Amino acid sequence: MTADPVVERFIETHADQVARLLETTGADAMRDFLAVLSTLQVASIMRYLSRHSACHYLATLDADRAVAIIKILPPQYAASLVRDMPLPARQALLAGESMPYRIRTILRYPKGSVGAEMDSNPISLHEGMTAKQARTFLKKYRQHICDSLFVTGSEQRFVGVIALKELLFAKNTANIASLCKPPMQRLSPWDALAAVGLHPGWQQVAALPVIERGGRLSGILHADRVREAMSMEAVATTLSGDLADDIFALGELFWSACADLLSDYDTATRSEPA
């Protein structure tokens with residue numbers, strides 16, 4: 001079934017408000033409404049659902065549909081949902097081979113740890129590069145780099161850190177290894193996120209390296225991810241609390257626009273979205 005264009009446009013521009021409205025319905029009504037949407041639309045709405053609602057909605061889906069949604073969500077957020085799913089549903093998802101490797105990597109670490117929130121696929125420079133080669137390499141990832149550039153050797157062994165400004169002004173032939181400096185702090189993936197979040201080093205840097213035993217660069221922890229993770233519970237509480245009067249008014253208009261879509265929906269004969 002193709003959703004009404006008005007509904008589709010509303011979802012595209014107001015996914016956060018759609019999520020708030022769905023929170024006021026029962027689980028069955030939420031599931032039936034989301035069943036007729038595309039995977040991309042569902043993923044955009046799930047970003048704003050409470051943790052409880054998002055986890056339990058995923059648990060009602062077949063594994064293929066659930067994994068398709070998970071692949072669209074940011075890895076750390078997707079992993080946190082999988083972690084909090086009811087045990088039978090979580091085990092069913094992880095038993096298959098389609099779960100992304102990055103999600104599985106994050107789930108190795110306990111909730112509330114650095115490893116659970118780090119970027120486990122960071123952009124890093126190799127110690128054998130010249131400054132010119134490093135600059136050329138980084139042009140492909142300019143949207144994913146920060147001021148601190150992390151350098152590795154063979155088998156992802158952590159070597160050190162280079163400031164982006166220093167790399168930009170280095171001679172073309174300068175060796176990356178010679179430009180490296182020890183980081184002001186290195187984290188373990190097993191460190192408690194709450195303790196790390198209070199470290200004063202965040203006032204000088206936007207990211208810190210996460211090092212496994214043996215000196216391997218396991219990932220990078222970004223300051224904005226720390227802030228987001230630590231405030232997530234407060235956000236979830238706000239979303240699940242009392243809604244403002246204007247949201248209810250908007251909800252009335254929205255559900256009117258959705259009336260035809262929902263009234264024509266037959267749960268006994270529906271086909272799963274592609």
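Here is a short chat about the labels used for this predicted model.

Tutor: Quick ground rules: this is a predicted model, where local features need pLDDT of at least 70 and side-chain atom pairs count only at pLDDT 80 or more, while totals for chains, interfaces and linings use all residues. Residues are numbered from 1 along each chain as its sequence is written, and side-chain values use heavy atoms, with hydrogens and water left out.

Student: Okay, what does the protein chain contain in helices and strands?

Tutor: There are 16 helices and 5 strands. Both are DSSP runs numbered from the N terminus: helices are H or I with at least four residues, strands are E with at least two.

Student: Why is Val42 called buried?

Tutor: Buried means under 20% relative accessible area, exposed means over 50%, and partly exposed is in between (1.4 Å probe, protein chains only). Val42 has 0% relative accessibility, so it counts as buried.

Student: What makes Cys146 buried?

Tutor: Its relative accessible area is 19%, so Cys146 falls in the buried class. Cys55 counts as buried too, because its value is 1%.

Student: How many disulfides turn up in the whole structure?

Tutor: The search finds 0. To be listed, a pair of cysteine sulfur atoms has to be within 2.5 Å.

Student: Why is H1 called roughly perpendicular to H2?

Tutor: The axes of helix H1 (residues 5–13) and helix H2 (residues 15–22) come within 5 Å and cross at roughly 105°. That angle makes H1 roughly perpendicular to H2. The cut-offs: under 35 degrees is roughly parallel, over 145 roughly antiparallel, 65 to 115 roughly perpendicular, and the rest oblique. Axes are lines fitted to C-alpha atoms, for helices over the stretch in contact, and angles run from 0 to 180 degrees between N-to-C directions.

Student: Which residues meet there?

Tutor: Phe10, Ile11 and Thr13 in H1 meet Ala15, Gln17 and Val18 in H2. By class, that contact has 4 nonpolar, 2 polar and no charged residues. Nonpolar covers Ala, Val, Leu, Ile, Met, Phe, Trp, Tyr, Cys and Pro; charged covers Asp, Glu, Lys and Arg; the others, Gly among them, are polar.

Student: And where do the axes of H4 and H6 come in?

Tutor: The axes of H4 and helix H6 (residues 63–70) come within 9 Å and cross at roughly 65°. On H4, Thr39, Val42, Ala43 and Met46 make the contact, and on H6 Arg65, Ala68 and Ile69 do. Those residues divide into 5 nonpolar, 1 polar and 1 charged.

Student: What makes H7 mostly covered?

Tutor: Helix H7 (residues 75–84) has 8 of its 10 residues buried. Among them are Tyr77, Leu81 and Arg83.

Student: Why is Glu155 called exposed?

Tutor: At 73% relative accessibility, Glu155 counts as exposed. Its place is in the loop between strand S2 (148–152) and strand S3 (158–163), and it has a positive phi of about 55° although it is not a glycine.

Student: How do you know that Gln156 is partly exposed?

Tutor: Its relative accessibility is 23%, so Gln156 counts as partly exposed. Gln156 is in the loop between S2 and S3, with a positive phi of about 65° although it is not a glycine.

Methods: Contact = heavy atoms within 4.5 Å.
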